[in-house]
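Please consider the sequence and the structure shown below.

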Amino acid sequence: MAHNTVLITGASSGIGAAFARILPESTRLLLTGRSEERLRQVAGGLAGAPGRAEVIAADLAGADGRTAVIERALASGIDLLVCNAGLAWSGRFLDQPVTHQDETLSVNLLASVELLHALLPDMIARARREGRRAGVIVLSSMGAFIPAPGLACYGASKAFVLRFTQSLAAELAHEPIDLLAVCPTYTDTDFFVRAGLPQPRRAMAAEAVASEAMDSLGHRTVHLCSLHRYPQTLRRLAAFNPALAAWRWPRQIATLLQAFALRRDTWRQRGVPQPR
Ligand SMILES: NC(=O)c1ccc[n+]([C@@H]2O[C@H](COP(=O)([O-])OP(=O)(O)OC[C@H]3O[C@@H](n4cnc5c(N)ncnc54)[C@H](OP(=O)(O)O)[C@@H]3O)[C@@H](O)[C@H]2O)c1
């Protein structure tokens, strides 16, 4: 179903910009991120009437930025919210300043909670009035299902938004609104460079993630990206409990083993008694 007015957070690059590009030309867009210049570039490259996209430069790590975005969205009357802005700082938790963890949790988690709390009542009321359905898409990650040593707060924030979205979907099941948590696997964006990680060799295109999300909205509450290539029974099983999707992630199992080895090494170095 086409939406009239869509707010996309983290629209200045990657998956957020891809959402802006794949939505129908008739859709009005509110694009937000910190970099006004990059937001304007994304807006300038879109098909459709000039002025179709409005740009809101705001830092979601701070309360002022979150309030500014909420006020503009309320004034515009959105009917689809894409909570996509996100970041990670890679490295051992104890080696990093706590400001990195604050920023990660504020953008990845607190911003989604505050935006949804402020915007959902208006979106639901308008959808009821107009006899339409509103929508919310929240970017989680396949990383939400496994421990993430070296990305502890990032992984935990993605697990949080996944369960948060599923819970809200259940609470709002009788309202005219569709909620979807999207779990991309590696996606080809600036995310890794910014997080201080190597770029993965095989990655999905950002447009594919955005298209799969739009196709899934209204059909399920959790979408595991690229699972459509697998038989329906496996897809259903994985959507029921996405942790079961581990059968197709040998890399994730390797990560778990690596995390265990790292912990043992650390214990050994510190002379801590090890579990048998
Ligand atoms: N790439 C992957 O492999 C992957 C996999 C799973 C999930 N995801 C999730 O997908 C989402 C989009 O990531 P991406 O891959 O497209 O990465 P990206 O290209 O780095 O985009 C991240 C977006 O978030 C915005 N952002 C970051 N910090 C912000 C802040 N403090 N305030 C406002 N906006 C901020 C950035 O805009 P500014 O820099 O202009 O502020 C940018 O538009 C994230 O939630 C990420 O966790 C990505």
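Axes are lines fitted to C-alpha atoms, for helices over the stretch in contact, and angles between N-to-C directions run from 0 to 180 degrees. Helices (H or I, at least four residues) and strands (E, at least two) are DSSP runs, numbered from the N terminus. The model is a predicted one, in which local features need pLDDT of at least 70 and side-chain atom pairs count only at pLDDT 80 or more, while totals for chains, interfaces and linings use all residues. Residue numbers start from 1 along each chain as its sequence is written.

**The helix pair**

Two packed helices are described by the angle between their axes and the distance between the axes. Helix H3 (residues 63–76) packs against helix H4 (residues 98–130) at an angle of about 20 degrees, and their axes are 10 Å apart. H3 and H4 are therefore roughly parallel to each other (angles under 35 degrees count as such). Residues are in contact if their C-beta atoms, placed from the backbone, lie within 7 Å. Among the residues that make the contact are Arg66 and Val69 of H3, and Ala111 and Glu114 of H4.

**The sheet**

Strands pair if DSSP finds at least two bridges between them. Seven strands form an open sheet in the order E3-E2-E1-E4-E5-E6-E7, with parallel pairing. Strand E3 (53–57) and strand E7 (222–224) stand at the edges with a single partner strand each, so one side of each has no neighbour in the sheet. From one strand to the next, the twist averages 15 degrees.

| Strand pair | Bridges |
|---|---|
| E1 (residues 5–9) and E4 | three bridges |
| E4 and E5 (residues 134–139) | four bridges |
| E2 (residues 28–33) and E3 | five bridges |

Leucine 80 in E4 is the bridge partner of valine 6, and valine 82 stands opposite isoleucine 137 in E5. From E4 the chain crosses through H4 to E5 in a right-handed β-α-β crossover (with the strands pointing away from the viewer, the path from the first strand over the helix to the second runs clockwise).

Terms used:
Parallel < 35°, antiparallel > 145°, perpendicular 65-115°, else oblique. Contact = placed C-beta atoms within 7 Å.
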